[in-house]
Amino acid sequence: MTSPVSDTITMFGADWCRDCIRTKKQLDELGVAYTYVDLVADPAAADIAKDISGRTNIPVVVYPDSTHHVEPSNADVESKLRELSLI
């Protein structure tokens with residue numbers, strides 16, 4: 001299996017998760033391209049997210065530089081996107 005990390009952002013989340021909805025909305029509003037991995041539709045992907053973060057909390061946002069955030073605030077995401085010159 002290939003790693004979900006690529007030159008884009010990958011977000012692991014679920015529609016019942018308020019933090020996931022907020023982060024997804026933020027990325028959409030900023031016009032940042034990302035791959036959304038729906039853990040409801042693909043429950044096995046939760047193991048990948050846990051392997052990346054070491055935790056079961058979501059969302060897990062993986063950046064092109066292979067760093068990640070778990071349950072990031074909007075400020076955390078914006079700061080990282082600026083650091084990577086994605087916004």
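Predicted model: local features only at pLDDT ≥ 70, side-chain atom pairs only at ≥ 80, totals over all residues.
**Sheet**

I began with the strands. I found four of them in an open sheet, ordered β2-β1-β3-β4, with mixed pairing. Which strands stand at the edges? They are β2 (34-38) and β4 (68-70); each has a single partner strand, so one side of each is left without a neighbour in the sheet. I also looked up the twist, which averages 15° from one strand to the next.

Next I checked how β4 is held to its partner. Strand β3 (residues 60-62) and β4 run antiparallel, and three bridges join them.

Helix α1 covers residues 18-30 and lies across β1 (9-13), β2 and β3. Its direction is at about 155° to β1.

Is T23 buried or exposed? T23 has a relative accessible area of 0%, so I wrote it down as buried. I then listed its contacts, leaving aside neighbours within four places in sequence: M11, P59, V61, P72 and V77.

**Salt bridges**

How many salt bridges are there? My count came to six. I followed up several of them.

R55 and E71: this pair forms a salt bridge, with the closest N and O atoms 3.8 Å apart. The cut-off I used is 4 Å, so the pair still counts. R55 sits in the loop between α2 (45-53) and β3, while E71 sits in the loop between β4 and α3, so the bridge ties together parts that are 16 residues apart in sequence. I noted both as partly exposed, R55 with a relative accessible area of 38% and E71 at 35%.

K80 and D65: here the side chains meet at 2.9 Å, N to O. K80 belongs to helix α3 and D65 to the loop between β3 and β4, so this pair ties together parts that are 15 residues apart in sequence. Which of the two is buried? K80 is, at 9% relative accessibility, whereas D65 is partly exposed at 33%. I also saw that D65 and K80 are linked with E83 in a network of salt bridges.

R82 and E78: another salt bridge, again 2.9 Å from N to O. Both residues lie in helix α3, four residues apart, which is about one turn of the helix. I looked up the accessibility of E78 as well; its relative accessible area is 31%, so E78 goes down as partly exposed.

**Surface patch**

Last, I looked for nonpolar side chains on the surface. Which residues form a nonpolar patch there? I found L30, L86 and I87, which together have about 210 Å² of accessible area. I placed I87 in the segment after α3 (74-83). At 32% relative accessibility, I87 counts as partly exposed. Patch members need over 30% relative accessible area, so I87 at 32% passes.

Methods
Residues numbered from 1 in each chain as written. Heavy atoms only, no water. Pairing = 2+ DSSP bridges. Helix = DSSP H or I, 4+ residues; strand = E, 2+ residues; numbered from the N terminus. Axes fitted to C-alpha atoms, helices over the stretch in contact; angles between N-to-C directions. Contact = heavy atoms within 4.5 Å. Patch = residues over 30% accessible without salt bridge, like charges linked within 9 Å, V, L, I, M, F, W, Y side chains within 5 Å. Areas by Shrake-Rupley, 256 points an atom, 1.4 Å probe, with all protein chains shown as cover. Buried < 20%, exposed > 50% of the residue type's maximum accessible area, 1.4 Å probe, protein only.
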